[in-house]
Amino acid sequence: MPESQISAPHQATIKHILRSPALLTRETLAGVITALALIPEVISFSVIAGVDPKVSLIASVVLCLAMSVLGGRPAMVTAAAGSVALVIGPMVHQYGVGYILPAVILAGFIQILFGVFGMAKLMRHVPSSVMTGFVNALGVLIFFAQVPHFWSRSPLIVALFVATLLIVLWAPKVIKSIPSPLIAIVLLTLFTVTTGQILPTVGDAGEMSKGLPGFTQLQVPLNLETLAIIWPCALSVAFVGLLESLLTARLVDDITATPSGKSRESTGLGIANILAASYGGIGGCAMIGQTIVNVEMGKGRSRISTLAAALVLLLLVTILSEVMAKIPMSVLAGIMVIVAVKTVSWHSIQPATLKTTPWSATLVMVITVVGTLTTSNLAVGVLAGMVAMWLIPRHLRQKHDVKSETASPDRGK
């Protein structure tokens, strides 16, 4: 299907949702739990990038809001992501935060060019074994990122973590109209606040002052010296952001059995990054864990869910910052652990599957996982998998390609 024809069904879906109170409620509540799931990771990524937590949170609002309108993949969540923070961090630590603005703006223009010239469509050639390794490594990374928040000698922290798991897994059997992660967050936060329990909360991760920042001020001169400093970072931000966003879009395509506009996604991401750098201060890309929260746990299927996530996050960062600061980190960790389990393609590592899968496909998947886990960078892992696929002898690669045409990451089974 041509990308120009993809937007029409999406528009019809939005109209249908707006006319259905039940669907509109589902999309809105999906956005609420997505916004809550964004908070701990965005804050932790701000530390990696060397910026204040409020900067990353506001940038995430801008990114999510812009991509709700401009993006090519409805229901996909875009925010200040860890992959971008890993790229920006070294430049910030060496030269200072003043270079983030021109670097991210330059990266945005590169992404726009990718979209305009249709280069984003090349992502369709990523082998399914690389995609499987990509989601498996992501699940592992999400899980271990949560361990510090629940692995504790405090019985209360462990109890809240276990209670979160039980509520999220069992509440849907009784209450179907409200997402179970939202139920867990509200109930357990109320418990800790009303009982006066002292334990790590969102507020401990960074300052949650009220109000909005102004536009980002240019702090460095626009000359060749600045260009020499920012261009390696800008190229990395552009390509890493595109890679993660387009792979996530492909994953959501598989989950929802609907197409997405890859060129539109690339162009939209470029514009969103320029806007986020100008008002917020840092760039980003798709966040797969939070996208899984929105699409699978919240059942979000349209731009309304991500628009709601952006508005709720804005509300939390400004007016409700004191309320957000009281959410226990162990509760959010419990939700993300379930996301991690749902992300992994369990089917791909079952003995029966491994027996019938060509050794070349298994090798590529393992290399992708190892490359990702050793560098904590999804883009590096995917590139390692692609190189491994290219190095496999042609006759073996052709056999693998025939089998992988009909294969896709069978996640959560």
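**Pocket lining, aromatic pairs and loop residues**

The lining of the largest pocket divides into 14 nonpolar, 9 polar and 2 charged residues. Here Ala, Val, Leu, Ile, Met, Phe, Trp, Tyr, Cys and Pro count as nonpolar, Asp, Glu, Lys and Arg as charged, and the others, Gly among them, as polar. The model is predicted: local features need pLDDT of at least 70, side-chain atom pairs count only at pLDDT 80 or more, and totals for chains, interfaces and linings use all residues. Residues are numbered from 1 along each chain as its sequence is written, and side-chain values use heavy atoms, with hydrogens and water left out.

The lining of the largest pocket comprises 25 residues. Of these, Glu41, Phe45, Gly82, Leu141 and Ala145 lie nearest the pocket centre. Two or more lining residues come from each of helix H2 (21–49), helix H4 (82–95), helix H6 (128–150) and helix H11 (288–297). H6 gives the largest share, 8 residues. Helices (H or I, at least four residues) and strands (E, at least two) are DSSP runs, numbered from the N terminus. A pocket is an open set of points on a 1 Å grid over the protein atoms alone, where a 1.4 Å probe fits, with protein on both sides within 12 Å along at least five of seven lines; lining residues have an atom within 4 Å of a point. The volume of the largest pocket is about 550 Å³, taken as the space filled by probe spheres set on the points, which are joined across faces, edges and corners.

The whole structure holds 6 aromatic pairs. One of them, Phe143 with Phe144, is edge-to-face, at 5.3 Å centre to centre and 85° between the planes. Rings of Phe, Tyr and Trp (its six-membered ring) pair if their centres lie within 6.5 Å; planes under 30 degrees apart count as stacked, over 60 as edge-to-face and the rest as tilted. Ring pairs join Phe143, Phe144, Phe150 and Phe161 into a cluster. Phe143 is partly exposed, at 30% relative accessibility. Phe144 is exposed, at 56%. Buried means under 20% relative accessible area, exposed over 50%, partly exposed in between (1.4 Å probe, protein chains only).

Most residues other than glycine have a negative phi. Ala75 has a positive phi of about 80°. It lies in the loop between helix H3 (53–70) and strand E1 (78–79), and is buried at 2% relative accessible area. Ala257 also has a positive phi, about 55°. Ala257 sits in the loop between helix H9 (224–256) and helix H10 (262–278). It is exposed, at 69% relative accessibility.
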